Amino acid sequence: MTLGEPFARTSREELQALRRGAAVGAAPPAERLDLAGPDARRFLHGYVTCDVKALASGGAARGFVTGLKGQVLADFDLLAGDAALSLRLPAGRGEAVRQHLARYQLADRFELSAVRPLAR
């Protein structure tokens, strides 16, 4: 096997894009969970590894949802809107994360959406 064999069916444009550090491929299956309300940012900040409070509207971050002992429950991509936060979670992890967060939502003013699959 030579170095070029894995890319034998790749077009010249695709190879140039790879060399520049850009590539397009099928996204893995994912689920979406939204948090909306005045306490959503403060609440989520306590259960994830990224700085949710400092994230500007329209910003994005990557992180992990953690349990109380620091165990990783799921990785995620976070998108911050004006009124809501959206978590993009790996397929099959959304409901577990939703139940985990709902367990600690006591007097906090926010709503958790139902978990929805994301199209590829």
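Guide: Leaving aside residues up to four places away in sequence, aspartate 39 touches Ala107, Asp108, Arg109 and Phe110 (a contact being heavy atoms within 4.5 Å). Bear in mind that this is a predicted model, with local features needing pLDDT of at least 70, side-chain atom pairs counting only at pLDDT 80 or more, and totals for chains, interfaces and linings using all residues. Numbering runs from 1 along each chain as its sequence is written, and side-chain values use heavy atoms, with hydrogens and water left out.

Aspartate 39 sits in the loop between β1 (30-36) and α2; helices (H or I, at least four residues) and strands (E, at least two) are DSSP runs, numbered from the N terminus. A polar atom of the aspartate 39 side chain lies 2.7 Å from the backbone nitrogen of arginine 109. With a relative accessible area of 12%, aspartate 39 is buried (under 20%; exposed is over 50%, partly exposed in between, with a 1.4 Å probe and protein chains only).

Now for the rings: Phe43, Tyr47, Tyr104 and Phe110 make up one aromatic cluster. Rings of Phe, Tyr and Trp (its six-membered ring) pair if their centres lie within 6.5 Å, with planes under 30 degrees apart stacked, over 60 edge-to-face and the rest tilted. The structure has three aromatic pairs. In one, phenylalanine 43 and tyrosine 47 have ring centres 4.9 Å apart and planes at 35 degrees, so that pair is tilted. Phenylalanine 43 and phenylalanine 110 also form a tilted pair, at 4.6 Å centre to centre and 40 degrees between the planes. That pair links distant parts of the chain, 67 residues apart: phenylalanine 43 is in helix α2 (residues 40-45), phenylalanine 110 in the loop between α3 (94-103) and β5 (111-112).

Note on methods: A polar contact is a pair of N or O atoms within 3.5 Å; within protein, one must be able to donate a hydrogen and the other to accept it, and residues adjacent in sequence count only if both atoms are side-chain atoms.
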